[in-house]
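Look over the sequence and the structure first, then read the points below.

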Amino acid sequence: MEWTEALNRTIAFAEAHLRERLTVADLAKAAGISAFHLQRGFRIITGFSLGEYVRNRRLYCAALEVAGTDRSILDIALDFQYETAESFTKAFSRFHGSTPSQVRSAGAKKSALPVTPFLPVTISIHVTGGSRMDYEVAAVKGFTVIGFEREFPFEHSYTTVPKFWDEISERYFDRLWGGKTPETPQEKAVMEHGIGEFGVCIDGADDGKFRYLIAGAYKGGDVPDGMTTFDVPGGDWAKFRAVGSLPGSLQAVNTRVFKEWLPGNPDWEAAGQCNIEWYSNGDPNSPGYQSEIWLPVRRKA
């Protein structure tokens, strides 16, 4: 399915079911693409996570109903998937800067509503200017990685994932690459498996979140405490090259993949439940530093 069409189907489905319980799995099924790639692409293109978007639309529609009807605040709250009037009022006030009572009063007086508008998004992507993306599609044999894992929300990933790298670098990489002899099982694993070569994003168990591994190619043996392994599936992968200091250069390429490469691509579409960041040796702060985004793909029918 064409990428922009899939995202617009997601929005249309959400609009039709704002008063019902919605999960990322429901939205992905309606879109016809994986939940993992839907969440990544939606966040990059719209600036909102799926959860944020649905929540903001509910709060705006609820505000119109508060102002224009005599229904109880609790009934409206329950309709829009809030469990109590208190939780609804808290979210409503945070979003609009006004309480439901203030909005109802303004509606009764036919005065301007003190609410924050949030209208449905229509996605239409037009790629103009810029340079052609540097990539290749290649068959990759399945392999296993080992590393340190943490779960992140898509909503804040461009800031939280780099902090995770800083934490692991300070704990292991800076000292080991500086010449420290590996002593603990974790330090030995970092050196033996080349941990730090890959950043692996994996579909998470909870809505709005994904698993992330700072990893290397697993060569066998014991898996130390605090570390885990993941089997990367074989198949066709699109590899997008980035040149420049991190994390900016890689994040820019990742954004272009979803905003420029996937929309309307005549041959390939995203597949699978993970993608990979590849990091070369060298100074990641250098303007000539090389890295890559690997995205599993399949040929369009």
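Helix α2 spans residues 24–31, and its buried residues are Val24, Leu27, Ala28, Ala30 and Ala31. Buried means under 20% relative accessible area, with a 1.4 Å probe and protein chains only. Helices are DSSP runs of H or I of at least four residues, strands are E runs of at least two, and both are numbered from the N terminus. The model is predicted: local features need pLDDT of at least 70, side-chain atom pairs count only at pLDDT 80 or more, and totals for chains, interfaces and linings use all residues. Residues are numbered from 1 along each chain as its sequence is written, and side-chain values use heavy atoms, without hydrogens and water.

**Helix α2**

**α1 against α2**
- Ala6, Arg9, Thr10, Phe13 and Ala14 of α1 meet Asp26, Leu27, Ala30 and Ala31 of α2. Contact means heavy atoms within 4.5 Å.

**Ser291**
- Ser291 sits in strand β9 (residues 290–299).
- Ser291 counts as buried because its relative accessibility is 1%.
- Beyond neighbours within four places in sequence, Ser291 contacts Phe240, Arg241, Ala242, Leu246, Ser249, Leu250, Trp278 and Tyr279.

How values were computed. Buried < 20%, exposed > 50% of the residue type's maximum accessible area, 1.4 Å probe, protein only.
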